[in-house]
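Subject: Structure handover

Hello,

Here is the structure we discussed. Please have it open while you read. My notes follow below.

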Amino acid sequence: MSANARDGRDTILVTGGAGFIGSNMARALAAEGWRVVVADWFGTGRKWLNVADILLDDVIRPEAILGWLGENHRRVEAIVHMGAISATTEQDVDLILERNIRATLDLWALSAARDIRFIYASSAATYGDGKGGFVDSEDPADLASLRPLNAYGWSKLAVDRKIIADVRAGRAAPPQWAGLKFFNVYGPFEAHKDDMRSVIHKIYPTAAAGEAVTLFRSHDPNYEDGGQLRDFVHVADCVDVVRWLITSPSVSGIFNVGTGKARSFADLARAVFTASGREPRIDYVDMPERIRNAYQYFTEADVSKLRRAGYNADFRSLEDGIRSYVGDYLAKGIAL
């Protein structure tokens with residue numbers, strides 16, 4: 001049993017636990033001695049490989065979560081809720097409402113009622129075009145001022161606002177809660193995400209072959225081609241933040257999770273070439289018109305609030321993160 005478990009509570013439920021961030025969470029928590037239960041849909045693909053090496057206490061389907069918790073809540077220390085429709089291009093808003101909003105709020109209410117800690121995935125997509133900055137404020141007026149660019153971002157913001165409203169009104173809340181605004185996450189076990197996987201995973205085979213990779217041309221005069229900026233954060237750093245929260249039960253709130261340093265897509269591509277032992281070769285193509293009006297040219301996490309809360313671990317640089325991702329996984333043919 002983990003040293004951070006309360007009496008009899010030796011289990012952590014990870015929703016979306018076979019997904020990208022969720023499987024990395026499940027692996028780390030199981031290695032620390034927690035009994036890990038994964039809730040996810042697997043379908044007919046190879047997503048099961050994301051958890052094939054993990055000692056799991058149980059695997060359940062998402063629609064069985066509430067019933068399972070009804071029977072097992074006394075042994076559950078925390079819910080790490082990573083399950084969601086994460087595609088920013090998803091057009092079925094009713095499905096987003098069901099999977100991202102309703103499911104999260106149901107788990108929030110149950111965690112409050114059953115004295116279970118609750119850590120959930122929010123998103124940097126809540127910040128919209130970023131013109132208002134990237135400060136993880138919990139002020140209701142600040143949250144109300146955000147304008148996400150897609151339904152996915154709206155769903156994450158809707159949950160953040162509801163949870164803050166509950167906390168401020170003194171309504172029932174879990175003993176610890178945290179909403180994590182993940183920025184651009186990359187790393188192993190993302191292959192199943194298809195078009196939503198990181199640019200690193202997409203361009204690696206081409207870069208490793210020494211061929212030219214293709215990036216989007218800029219359609220904003222303030223940014224050169226390839227100069228669009230993102231806060232790229234390695235999934236292991238996201239896992240470390242959750243692990244720290246579990247060891248810090250007095251810390252609750254909404255927190256940005258990013259490196260705090262924006263880097264360009266051209267920097268990213270060059271780092272992939274370097275990690276592959278190749279000279280950089282980059283071509284540019286026009287960005288599809290359908291995404292131009294909802295494209296973020298700049299994201300950068302303000303992590304000062306997370307630091308004030310006591311998190312003092314370093315985040316990997318883009319070059320270090322890509323070097324380990326390529327060297328430990330992609331170059332070895334482990335395309336997970």
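Axes here are lines fitted to C-alpha atoms, for helices over the stretch in contact, and angles run from 0 to 180 degrees between N-to-C directions. One caution: this is a predicted model.

Start with the helix pair. Helix α1 (residues 20-31) packs against α7 at about 50°, and their axes are 9 Å apart. Angles under 35 degrees would be roughly parallel and 65 to 115 roughly perpendicular, so α1 is oblique to α7. The crossing of the two helices is right-handed. From α1, the contact uses Phe20, Ile21, Asn24, Met25, Ala28 and Leu29. From α7 come Val235, Cys238, Val239, Val242, Arg243 and Ile246. By type, the residues of this contact are 10 nonpolar, one polar and one charged.

Stay on α7, which spans residues 235-246 and includes Asp237. Is Asp237 buried or exposed? Asp237 is buried, because its relative accessibility is 0% and the cut-off for buried is under 20%. Beyond its neighbours within four places in sequence, Asp237 touches Tyr311, Asp314, Phe315 and Arg316.

Most residues other than glycine have a negative phi. Phe189 has a positive phi, near 75°. Asp194 has a positive phi too, near 55°. Their accessibility is worth a look. Phe189 is buried, at 6% relative accessible area. Asp194 is exposed, at 51%.

Best wishes

Note on methods: Residues numbered from 1 in each chain as written. Predicted model: local features only at pLDDT ≥ 70, side-chain atom pairs only at ≥ 80, totals over all residues. Heavy atoms only, no water. Helix = DSSP H or I, 4+ residues; strand = E, 2+ residues; numbered from the N terminus. Buried < 20%, exposed > 50% of the residue type's maximum accessible area, 1.4 Å probe, protein only. Contact = heavy atoms within 4.5 Å. Parallel < 35°, antiparallel > 145°, perpendicular 65-115°, else oblique. Left-handed = near helix turned anticlockwise from the far one by under 90°. Nonpolar A, V, L, I, M, F, W, Y, C, P; charged D, E, K, R; others polar.
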